[in-house]
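Colleague: Please take me through this structure and say where each label comes from.

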Amino acid sequence: MVQEPGTPEAAEDTGPASGRPSDAVPPPSPTAAGALAAAPEELSDIRLLKALAQPRRQQMLQHLTVRGPATSATLARALGLNTGATSYHLRELARHGFVEEMRDEEPAGDRSGPGHGRERWWRAVPGDRRFPPRSRRTPGTRRVIDELNRHSYAADLDLFEQARREYEPGGDEWADAFPFSRGTIRLSLPELRDFFEEYIALLNRYKRPDSDTPADARTVLTRFLAFPAPRDHPRDDARDNRKETDAP
């Protein structure tokens, strides 16, 4: 998902991260992090959603988000496309505000190859982008968002499996950087909304300008997913059962 940090309906992965190293650096200062927090933007325009849902554009956005700025040629090599296709998709993504061309800046991506000074470098534009609640989606919007989510979940699983294969124990200190949590809590709907906003605020606490980021920092992918248990879940059924069996 290109949402950064996430969507309100089914955001990104776990609960509290377990196993935090005791010598971890303290979180960034609220002042530095707060400067990077953006107001939520709701993505409800069906034309914009269709532009975003194009599978190649999703792959390109993922590449720019995970690996940093790139040229159309870099993306073409990475995704097995021609530069004409990647250039077109980049322009479309830029038209809708998802990527932007880097001007008068030194890019942080792959600088190899001839003609570096004449190449156009692109980067993903961060933001708190959210889908409208399911109750406010039209049938067409719902189909596009569901398809977007399916592609995003599949891409996330692929990235996770790739990382697990690459970081073998003993070969890299980041092999231990896989905090994972599964939990169950009982919440009202307003409490669940508050829970999500607190999660977004926590992410924003750790966001900071590159100039304030430690040299040994790595890009860490975060995913949060929360959803109500099915209606026939035993814990939630208990109250209904009591209503059916308790005599007046």
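Predicted model: local features only at pLDDT ≥ 70, side-chain atom pairs only at ≥ 80, totals over all residues.

Colleague: How many aromatic pairs does a search of the whole structure find?

Modeller: The search gives five aromatic pairs. Rings of Phe, Tyr and Trp (its six-membered ring) pair if their centres lie within 6.5 Å; planes under 30 degrees apart count as stacked, over 60 as edge-to-face and the rest as tilted.

Colleague: Why is the pair of phenylalanine 196 and phenylalanine 224 called tilted?

Modeller: The centres are 6.3 Å apart and the planes stand at 50°, so the pair is tilted. Phenylalanine 196 is in helix H7 (residues 189–205), while phenylalanine 224 is in the loop between H7 and helix H8 (234–245), 28 residues apart. Helices (H or I, at least four residues) and strands (E, at least two) are DSSP runs, numbered from the N terminus.

Colleague: What makes phenylalanine 224 buried?

Modeller: Buried means under 20% relative accessible area, exposed over 50%, partly exposed in between (1.4 Å probe, protein chains only). Phenylalanine 224 has 5%, so it is buried.

Colleague: Why is the pair of tyrosine 199 and phenylalanine 224 called stacked?

Modeller: Their ring centres lie 4.7 Å apart with the planes at 25°, so this pair is stacked. Ring pairs also join Phe195, Phe196, Tyr199 and Phe224 into a cluster.

Colleague: Which residues of H7 are buried?

Modeller: Phe196, Tyr199, Ile200, Leu203 and Asn204 are buried in H7. Down the axis of H7, the buried residues fall within an arc of 140°, so they line one face of the helix. The arc is that of the directions from the helix axis to the C-beta atoms.

Colleague: What makes S2 and S3 edge strands?

Modeller: Three strands form an open sheet in the order S2-S4-S3, with antiparallel pairing. Strand S2 (70–71) and strand S3 (99–101) each have a single partner strand, so one side of each has no neighbour in the sheet.

Colleague: How do you know that S3 and S4 pair?

Modeller: Two strands pair if DSSP finds at least two bridges between them. S3 and strand S4 (residues 121–124) have three bridges, in the antiparallel sense. Glutamate 100 has arginine 123 in S4 as its bridge partner.

Note on methods. Residues numbered from 1 in each chain as written. Heavy atoms only, no water.
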